[in-house]
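Student: I have a structure on my screen and want to learn how to read it. Where do I begin?

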Amino acid sequence: MLQVLLVLIMLAGSPPLPAPAARDAVFFDRPATRFTESCPLGNGRLGAMDFGGTFATRIVLNEQSMWSGRTLDQNREGAWRKRGEIVDLLLAGRNADAERLVNETFTCDGPGSSLGQGKDGPFGCYQVLGTLSLVPDVPPRDSTGLAADHYERWLDLAQGQAVTQFGADGHVWTRQVIASFPDRVIACRVATDDPGGLRFRVVLSRPERAAVRLDGTDLVMEGALNDGAGGRGTAFEARVRILTSPGAVTPTEQSLAMAGTSEAVILIAARTDYAGPIAGDHAGGAYRDRVRADLEGAAALGWEQLLGRHRADYQAIEGRVRLDLGTPPAGSAQSRLLAQAAGAPDPALAALVFRFGRYLLLSSSRAGGLPANLQGLWAEELQTPWNGDYHANINAQMNYWPVDVAALSECHAPLASLIESLVRPGERTARAYYNAPGWVVHVVTNVWGFTAPGEQASWGSTMTGGAWLCSHLWDHYLYSGDRAYLRRVYPTLRGASAFYSSVLVELPGSGLRVTGPSNSPENSFRMPDGQVAHTCLGPTVDQQLLRELFGNTARAAAILGVDRDFAAELERTRDRLAPTVTGPDGRLQEWLEPYQEPEPTHRHISHLYGLHPGNEITRFGTPALAAAARATLEARGDRSTGWSMAWKACQWARLGDGDRAEKLVRDALRPIADAEFNYRNGGGTYPNLFGGHPPFQIDSNFGLTAAIAEMLLQSHAEAPGEGPTISLLPALPRAWQDGSVRGLMARGGFEIDISWHDGRLNEATITRRSAELPEPLPMFVRLPGEAARRALDLKPGERVSIGP
């Protein structure tokens, strides 16, 4: 009776929805014909890509734990016995021979990330859940499916919903899609002012390993993925129910037919039985019961309550930050990308991209779920590019660069859970390959706890993935000052430091210590004899990461009052790490020797980690190294993959060059359609604003959001023994003459609002939000264009306003 009453209230009226303001939405002028034209929605676990068709349409569905494969130890037991021989070859300058030995004895024991076996290998692959299709009773009148005299579609970033609206034969049809975090469903409302005008079937499908059945008036799709050994792996269930007037829905041959009504709500609930090592709100063996409970709970609420609860949850987080770079022009996202590429100024497009990146992170990473993967939450394939996994040599980390500065602190939790889940398997890897204490993860990982080296020495030997991941654990503390959180993650920091400090190799003659065998991520170098190699000792990025890790762990120990002797030993070891140096050509040196580069414009700029996201290199604290970093970026060039251009924009912002950073943002927004793999210079942005490697790879989106934030606000420490320096408008480009931003966060727990006019600071407000400072260190603020700093000392809740 309650459901019938809710439906009658719901049917009381369905006027057309007004379009949002241009700054609040991503607009489209036609239905999507491909995945990278559709609208992404997500609640951190369930995802949807709404194609926005007219009478016929489809929604691609995702569930974040739809992973094939299984937990499998691919460590090569006893590999550590060969490590000494590999290191000796490297010390003798025989890198190519060492690399051959790594391939023979020091890679994973098995197919590794399974790029040869793909979705059916034991490493596994993140896969599409399925597709929900609306199939009209009467075929559309033209081949495009438009059959409409008016069409509009948008992704509303202010309300977290996708809307499609079109007119035909004097009537209006409206469709809204949301992904509700509080109620754990995808909900799609369809309505028309044509009485009884909704006449279609709802169909669920998946290309393989799924069966569809009816359960009363619910449509159910169930199956299980491959476990990598030909057996039953992750099991899943999706369930669909339609809320509408009584008698309007007829179950028929694996679909739900609807007729004789003008408004309906389609509810989709789905879960898997994932119970892997990453902690979270996973259903495990109770997944079927949880799906039914999710659906029943949402059905009892009805559309208006579902929408209201979704908005309240979404807007409480999304509304914290607003960036205004001027009035945006009218038009679709694609038309604005094309116009900017043709030379038309559109600063507001950068503001939209910044907001879209925040939207994507909020939609793909929520408490209790898995972290955002290489595609965030969204995939249409069975074989997702690069398995849709977690690359620990930048990509997984880049996904979370904006999480704290952009006031999305809650979205950090899944990343922390992933890192903590790697400790136990990483301890086995540390013993197998290094005979060492602590834990390690190399280049790639998954939801099953893979930590071994990759299957090829050319990229799989990078050994500092764990150190890089740990930087996020510490940085999150610097923003929050949460001592309870620091106590929780400290054992993870300590375990990583224990591993790296115990495996360092001492360079004869200098006493310096380095990592090895390792890689500078995915890059190669030419030996004096002309051979090209990848395996090396002590690439610059490793040394920078370990200086940071050892320092952060020692600082954490001091704050918590534990492990004094261990912290002191870390500090001594840190001082013996090989330093970052400038090569003979004036650039930062990527390896211990100034090797020639077969690919001078390589996409990875890993030896600039100390510039960004680290802070070993700063323009005020280490000007000579900053100049060498600038020379490195000039030589690398701008055009590259999407994520690489986003990283370069961050690095130029750290150097204070806002114009170059803004150019790279525009370069990364170059309109593209190509989905083929391009590792060199094909990066850009798809019509729905997804970032392109290509193919689609979401770290580009998150990297651009981080870069835009870096241009407006920086808050890293500039010298050892100092707290953060809050730099206001440190890299403001000339293209952004007027604007404002509110709600950005700075390390130390400060909220920052800034406005500017004619390229000059108008007003800034700094408010201390943290109850306790992360560290009792001096803090500073720097105004635009000034080298000198001013001391900053605020009590909790206090604020200071700064004028020009």
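Tutor: Begin with one residue. Leu689 sits in the loop between strand E24 (684-685) and E25. Keep in mind that this is a predicted model.

Student: Is Leu689 buried or exposed?

Tutor: Compare the relative accessibility with the cut-off. Buried means under 20%. Leu689 has 3%, so Leu689 counts as buried.

Student: Where is Leu729, and what is its phi?

Tutor: Leu729 lies in the loop between strand E27 (725-728) and strand E28 (739-746). Its phi is positive, about 50°, and Leu729 is not a glycine either. Leu729 is buried, because its relative accessible area is 6%.

Student: Now the peptide bonds. Which bond joins His693 and Pro694?

Tutor: Read omega here. The bond between His693 and Pro694 is cis, with omega about -10°. The bond from Pro694 to Pro695 is cis too, with omega near 5°.

Student: Where do I find Pro694 and Pro695?

Tutor: Pro694 is in the loop between strand E25 (691-692) and helix H18 (699-712). Pro695 is in the loop between E25 and H18.

Student: Let us zoom out. How many helices and strands does the chain have?

Tutor: The chain has 18 helices and 33 strands.

Student: Why does the radius of gyration agree with a compact globule?

Tutor: A compact globule of 804 residues would have a radius of gyration near 28 Å, and the chain has 27 Å, so the two agree. Along its principal axes, the C-alpha trace spans about 85 × 65 × 50 Å. Buried residues make up 64% of the 804 residues.

Student: How many residues are in the largest nonpolar core?

Tutor: That core holds 224 residues. Ile266, Tyr500, Ile726 and Leu728 touch the most other members. Helix H6 (residues 347-364) gives the largest share of this core, 11 residues. A second, separate core has 15 residues, among them Leu243 and Leu295.

Student: What does Ile266 touch?

Tutor: Skip residues up to four places away in sequence. Then the partners of Ile266 include Leu132, Phe200 and Val240.

How values were computed: Residues numbered from 1 in each chain as written. Predicted model: local features only at pLDDT ≥ 70, side-chain atom pairs only at ≥ 80, totals over all residues. Heavy atoms only, no water. Helix = DSSP H or I, 4+ residues; strand = E, 2+ residues; numbered from the N terminus. Rg over C-alpha atoms; globule rule 2.2 N^0.38 Å. Buried < 20%, exposed > 50% of the residue type's maximum accessible area, 1.4 Å probe, protein only. Core = buried A, V, L, I, M, F, W, Y, C linked by side-chain atoms within 4.5 Å. Contact = heavy atoms within 4.5 Å.
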